[in-house]
Amino acid sequence: MQSEAKYGRENLKKLGYRGRQDLQQQQSRMNTMEKTVVPWLEKEIKTHESNINALNTIFNAIQQATRSQEQAQQRHQLRRMRSTNINRSKNQGPDFSR
């Protein structure tokens with residue numbers, strides 16, 4: 001256990017801790033951050049998630065509108081083609097060439 005404690009102290013020194021007071025100060029800073037920063041970050045994450053959901057809804061609505069517009073254009077083109085074909089057949093009259 002003593003070697004593990006020594007290893008732990010050496011690692012703390014490498015991280016810049018000189019003694020117990022430094023460690024306690026860092027723990028106090030971490031506790032303060034946990035109480036202030038974590039809730040703030042959670043709120044920010046929820047805000048961003050909400051924004052992403054709103055953008056996703058808008059994107060889906062745009063896609064649906066685009067599909068509806070394409071379908072309307074296709075229906076319009078089909079009507080025009082049918083109308084043109086009907087007019088051609090009316091103008092040609094019956095085929096007596098046989």
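Reply: Begin with the pocket: on a 1 Å grid over the protein atoms alone, a pocket is an open set of points where a 1.4 Å probe fits, with protein on both sides within 12 Å along at least five of seven lines, and lining residues have an atom within 4 Å of a point. The model is predicted, so local features need pLDDT of at least 70 and side-chain atom pairs count only at pLDDT 80 or more, while totals for chains, interfaces and linings use all residues. Residues are numbered from 1 along each chain as its sequence is written, and side-chain values use heavy atoms, with hydrogens and water left out.

Me: Which residues line the largest pocket?

Reply: The lining of the largest pocket is made up of R9, L12, K13, Y17, R18, G19, R20 and L23. By class, 3 are nonpolar, 1 is polar and 4 are charged.

Me: Which helix gives the largest share of that lining?

Reply: Helices are DSSP runs (H or I, at least four residues), numbered from the N terminus. Here α1 (2–14) and α2 (20–92) each supply at least two lining residues, and the largest share, 3 residues, comes from α1.

Me: How is the chain as a whole to be read?

Reply: The protein chain has 2 helices and 0 strands. Its radius of gyration, taken over C-alpha atoms, is 37 Å, well over the 13 Å that the globule rule (2.2 Å times the number of residues to the power 0.38) gives for 98 residues, so the chain is more spread out than a compact globule.

Conventions
Ala, Val, Leu, Ile, Met, Phe, Trp, Tyr, Cys and Pro count as nonpolar, Asp, Glu, Lys and Arg as charged, and the others, Gly among them, as polar.
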